Amino acid sequence: MIDQEKIKRAVGLLLEGIGEEPSREGLRDTPDRVARMYAEIFSGMEADPSVPLGKVFSVQNSDMVLEKDITFYSMCEHHLMPFYGKAHIAYIPDGKVLGLSKLARTVEIYAARLQLQEQMTEQIADALMEYLAPRGVMVILEAEHMCMTMRGVKKPGSRTVSIAARGIFEDNALLQDRFFRMLRT
Ligand code: ZN
(Lines give C-alpha, C1' and ligand atoms only; values in the text may rest on other atoms or scores of the structure.)
Protein backbone atom coordinates (compact mmCIF):
# COMPACT_ATOMS: atom_id res chain seq x y z
CA MET A 1 0.00 0.00 0.00
CA ILE A 2 1.21 3.50 -0.83
CA ASP A 3 1.38 5.51 2.42
CA GLN A 4 1.11 9.16 1.44
CA GLU A 5 1.65 10.36 5.01
CA LYS A 6 5.03 8.63 5.14
CA ILE A 7 6.02 10.10 1.77
CA LYS A 8 5.09 13.58 3.02
CA ARG A 9 7.28 13.19 6.12
CA ALA A 10 10.16 11.88 4.02
CA VAL A 11 9.98 14.77 1.55
CA GLY A 12 10.00 17.22 4.47
CA LEU A 13 13.19 15.57 5.76
CA LEU A 14 14.69 15.59 2.28
CA LEU A 15 14.10 19.35 2.01
CA GLU A 16 15.78 19.87 5.40
CA GLY A 17 18.60 17.58 4.32
CA ILE A 18 19.49 19.68 1.31
CA GLY A 19 19.50 22.78 3.52
CA GLU A 20 16.11 24.14 2.55
CA GLU A 21 13.52 25.73 4.78
CA PRO A 22 10.43 23.51 4.35
CA SER A 23 8.12 26.13 5.84
CA ARG A 24 8.87 28.83 3.26
CA GLU A 25 6.00 29.70 0.97
CA GLY A 26 7.16 27.94 -2.20
CA LEU A 27 7.78 24.67 -0.36
CA ARG A 28 4.86 24.61 2.03
CA ASP A 29 2.72 22.34 -0.13
CA THR A 30 5.58 20.45 -1.77
CA PRO A 31 5.53 17.35 0.49
CA ASP A 32 1.80 16.95 -0.10
CA ARG A 33 2.17 17.53 -3.85
CA VAL A 34 5.01 15.01 -4.14
CA ALA A 35 3.08 12.43 -2.11
CA ARG A 36 0.10 12.69 -4.45
CA MET A 37 2.37 12.58 -7.49
CA TYR A 38 4.18 9.48 -6.18
CA ALA A 39 0.85 7.73 -5.63
CA GLU A 40 0.28 8.15 -9.36
CA ILE A 41 3.86 7.41 -10.52
CA PHE A 42 3.97 4.20 -8.47
CA SER A 43 0.37 3.12 -9.07
CA GLY A 44 1.72 0.03 -10.85
CA MET A 45 2.76 -1.39 -7.45
CA GLU A 46 -0.88 -2.22 -6.82
CA ALA A 47 -1.94 -3.03 -10.39
CA ASP A 48 -2.21 -6.58 -11.68
CA PRO A 49 -1.02 -7.26 -15.27
CA SER A 50 -3.28 -10.31 -15.51
CA VAL A 51 -6.22 -7.87 -15.86
CA PRO A 52 -5.24 -6.32 -19.25
CA LEU A 53 -3.58 -9.58 -20.35
CA GLY A 54 -6.76 -11.52 -19.63
CA LYS A 55 -8.71 -9.67 -22.36
CA VAL A 56 -8.05 -11.97 -25.33
CA PHE A 57 -9.74 -12.77 -28.65
CA SER A 58 -9.58 -16.06 -30.53
CA VAL A 59 -7.93 -15.99 -33.97
CA GLN A 60 -6.95 -18.49 -36.68
CA ASN A 61 -4.10 -16.37 -37.93
CA SER A 62 -0.75 -17.00 -36.26
CA ASP A 63 1.37 -14.31 -37.91
CA MET A 64 3.51 -11.92 -35.92
CA VAL A 65 1.78 -9.08 -34.08
CA LEU A 66 3.98 -6.04 -33.47
CA GLU A 67 3.14 -3.00 -31.39
CA LYS A 68 5.93 -0.44 -31.57
CA ASP A 69 6.72 2.94 -30.07
CA ILE A 70 4.77 2.48 -26.84
CA THR A 71 5.91 5.49 -24.81
CA PHE A 72 6.66 4.82 -21.15
CA TYR A 73 7.96 6.67 -18.09
CA SER A 74 9.49 4.82 -15.17
CA MET A 75 11.71 5.43 -12.13
CA CYS A 76 15.17 3.96 -11.65
CA GLU A 77 15.41 2.12 -8.35
CA HIS A 78 19.08 2.98 -7.90
CA HIS A 79 18.67 6.77 -8.01
CA LEU A 80 14.90 7.47 -7.82
CA MET A 81 15.28 9.34 -11.10
CA PRO A 82 13.14 8.94 -14.22
CA PHE A 83 14.01 6.85 -17.22
CA TYR A 84 11.74 7.00 -20.21
CA GLY A 85 11.50 5.95 -23.80
CA LYS A 86 9.77 3.48 -26.10
CA ALA A 87 8.78 -0.15 -25.81
CA HIS A 88 8.39 -2.42 -28.84
CA ILE A 89 6.61 -5.73 -28.36
CA ALA A 90 6.07 -8.56 -30.83
CA TYR A 91 4.42 -11.91 -30.28
CA ILE A 92 3.38 -14.92 -32.36
CA PRO A 93 -0.16 -15.85 -31.31
CA ASP A 94 -1.18 -19.38 -30.46
CA GLY A 95 -4.91 -18.99 -31.14
CA LYS A 96 -5.30 -15.84 -29.01
CA VAL A 97 -4.54 -12.14 -29.48
CA LEU A 98 -4.86 -9.13 -27.20
CA GLY A 99 -6.63 -5.86 -27.81
CA LEU A 100 -3.80 -3.49 -28.80
CA SER A 101 -4.29 -1.06 -25.95
CA LYS A 102 -3.69 -3.97 -23.56
CA LEU A 103 0.00 -4.16 -24.48
CA ALA A 104 0.40 -0.47 -23.69
CA ARG A 105 -1.46 -0.95 -20.41
CA THR A 106 0.85 -3.83 -19.47
CA VAL A 107 3.93 -1.67 -20.14
CA GLU A 108 2.37 1.08 -18.03
CA ILE A 109 1.80 -1.26 -15.07
CA TYR A 110 5.44 -2.39 -15.00
CA ALA A 111 6.71 1.15 -15.64
CA ALA A 112 4.74 2.56 -12.69
CA ARG A 113 7.05 0.87 -10.17
CA LEU A 114 10.62 1.31 -9.03
CA GLN A 115 12.45 -0.37 -11.86
CA LEU A 116 15.58 -1.40 -13.64
CA GLN A 117 15.24 -1.29 -17.41
CA GLU A 118 16.55 -4.84 -17.95
CA GLN A 119 14.22 -6.20 -15.28
CA MET A 120 11.21 -4.39 -16.73
CA THR A 121 11.98 -5.82 -20.19
CA GLU A 122 12.02 -9.36 -18.78
CA GLN A 123 8.91 -8.85 -16.67
CA ILE A 124 6.88 -7.71 -19.69
CA ALA A 125 8.06 -10.70 -21.75
CA ASP A 126 7.37 -13.15 -18.90
CA ALA A 127 3.91 -11.71 -18.19
CA LEU A 128 2.94 -12.09 -21.85
CA MET A 129 4.18 -15.68 -21.88
CA GLU A 130 2.31 -16.45 -18.67
CA TYR A 131 -1.07 -14.86 -19.34
CA LEU A 132 -1.37 -14.83 -23.15
CA ALA A 133 0.62 -18.03 -23.75
CA PRO A 134 1.75 -17.14 -27.30
CA ARG A 135 4.29 -19.20 -29.26
CA GLY A 136 6.92 -16.53 -28.64
CA VAL A 137 7.52 -12.98 -27.43
CA MET A 138 10.14 -10.35 -28.16
CA VAL A 139 10.40 -7.14 -26.15
CA ILE A 140 12.75 -4.21 -26.75
CA LEU A 141 12.97 -1.17 -24.50
CA GLU A 142 14.98 1.90 -25.45
CA ALA A 143 15.26 4.58 -22.81
CA GLU A 144 17.09 7.66 -21.65
CA HIS A 145 18.08 7.56 -17.99
CA MET A 146 18.11 10.89 -16.15
CA CYS A 147 20.59 9.44 -13.65
CA MET A 148 23.03 9.23 -16.60
CA THR A 149 22.13 12.39 -18.49
CA MET A 150 21.60 14.90 -15.66
CA ARG A 151 24.48 13.87 -13.39
CA GLY A 152 27.57 11.65 -13.38
CA VAL A 153 28.71 10.88 -16.91
CA LYS A 154 26.25 13.44 -18.40
CA LYS A 155 25.59 12.01 -21.81
CA PRO A 156 22.33 13.63 -22.93
CA GLY A 157 20.51 11.75 -25.65
CA SER A 158 22.31 8.47 -25.02
CA ARG A 159 19.88 5.58 -24.95
CA THR A 160 20.03 2.20 -23.28
CA VAL A 161 18.55 -0.68 -25.25
CA SER A 162 17.43 -3.93 -23.61
CA ILE A 163 15.99 -7.04 -25.25
CA ALA A 164 14.12 -10.09 -24.01
CA ALA A 165 13.20 -13.03 -26.26
CA ARG A 166 10.96 -15.90 -25.22
CA GLY A 167 9.55 -19.04 -26.84
CA ILE A 168 10.22 -19.48 -30.56
CA PHE A 169 12.00 -16.09 -30.73
CA GLU A 170 14.78 -17.38 -28.48
CA ASP A 171 16.76 -19.38 -31.01
CA ASN A 172 15.20 -18.38 -34.33
CA ALA A 173 17.47 -15.84 -36.05
CA LEU A 174 15.13 -15.54 -39.06
CA LEU A 175 12.22 -14.60 -36.84
CA GLN A 176 14.33 -12.11 -34.91
CA ASP A 177 15.50 -10.58 -38.21
CA ARG A 178 11.91 -10.20 -39.31
CA PHE A 179 11.09 -8.47 -36.06
CA PHE A 180 13.96 -5.99 -36.51
CA ARG A 181 12.95 -5.34 -40.13
CA MET A 182 9.34 -4.67 -39.08
CA LEU A 183 10.61 -2.30 -36.39
CA ARG A 184 12.41 -0.19 -38.96
CA THR A 185 9.45 0.23 -41.32
ZN1 ZN B 1 19.76 5.21 -12.09
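**The zinc site and its surroundings**

Tutor: The protein donors of the zinc ion are Cys76 (SG), His79 (ND1) and Cys147 (SG), which lie 2.2 Å from the ion. Donors here are N, O and S atoms within 2.8 Å of the metal (3.2 Å for Na, K and Ca), and because water is not among the atoms, sites may look incomplete. This is a predicted model, in which local features need pLDDT of at least 70 and side-chain atom pairs count only at pLDDT 80 or more, while totals for chains, interfaces and linings use all residues. Residues are numbered from 1 along each chain as its sequence is written, and side-chain values use heavy atoms, with hydrogens and water left out.

Student: How are the donor residues of the zinc ion spaced in sequence?

Tutor: Their spacing is C-x2-H-x67-C.

Student: How many bridges join S2 to S3?

Tutor: Two strands pair if DSSP finds at least two bridges between them. S2 and S3 run antiparallel and are joined by 10 bridges; Thr71, for instance, has Lys86 in S3 as its bridge partner. The hairpin of S2 and S3 has four residues between the strands, and within this hairpin Leu80 takes a positive phi near 55 degrees.

Student: In which sense do S2 and strand S5 pair?

Tutor: S2 and strand S5 (residues 114–115) pair in the parallel sense, over two bridges. The bridge partner of Cys76 in S5 is Gln115, and Cys76 is also a donor of the zinc ion.

Student: How is a pocket defined, and which residues line the largest pocket?

Tutor: On a 1 Å grid over the protein atoms alone, a pocket is an open set of points where a 1.4 Å probe fits, with protein on both sides within 12 Å along at least five of seven lines; lining residues have an atom within 4 Å of a point. Grid points are joined across faces, edges and corners, and a volume is the space filled by probe spheres set on the points. The largest pocket has a volume of about 210 Å³. Its lining includes Ile7, Leu14, Tyr38, Phe42, Leu80 and Leu114. Two or more lining residues come from each of helix H1 (4–17) and helix H2 (30–41), and H1 gives the most, with five residues.

Student: How is that lining divided by class?

Tutor: Ala, Val, Leu, Ile, Met, Phe, Trp, Tyr, Cys and Pro count as nonpolar, Asp, Glu, Lys and Arg as charged, and the others, Gly among them, as polar. The lining of the largest pocket has 11 nonpolar, one polar and no charged residues.

Student: What are the volume and the lining of the second largest pocket?

Tutor: Its volume is about 160 Å³, and Ile2, Ile7, Tyr38, Ala39, Phe42, Met45 and Leu114 line it. By class, these residues are seven nonpolar, no polar and no charged.

Student: How many aromatic pairs does the structure hold?

Tutor: A pair of aromatic rings is described by the distance of the centres and the angle of the planes. Rings of Phe, Tyr and Trp (its six-membered ring) pair if their centres lie within 6.5 Å; planes under 30 degrees apart count as stacked, over 60 as edge-to-face and the rest as tilted. The structure holds five such pairs. The rings of Tyr38 and Phe42 have centres 5.3 Å apart and planes at 80 degrees, so this pair is edge-to-face. Tyr38 is partly exposed, at 22% relative accessible area, whereas Phe42 counts as buried at 12%.

Student: Why is the pair of Phe72 and Phe83 edge-to-face?

Tutor: The pair is edge-to-face because the planes of Phe72 and Phe83 stand at 75 degrees, with the ring centres 6.1 Å apart. Phe72 lies in strand S2 (residues 65–76) and Phe83 in strand S3 (residues 81–92), 11 residues apart. Both Phe72 and Phe83 are buried. Elsewhere, ring pairs link Phe169, Phe179 and Phe180 into a cluster.

Notes:
Buried < 20%, exposed > 50% of the residue type's maximum accessible area, 1.4 Å probe, protein only.
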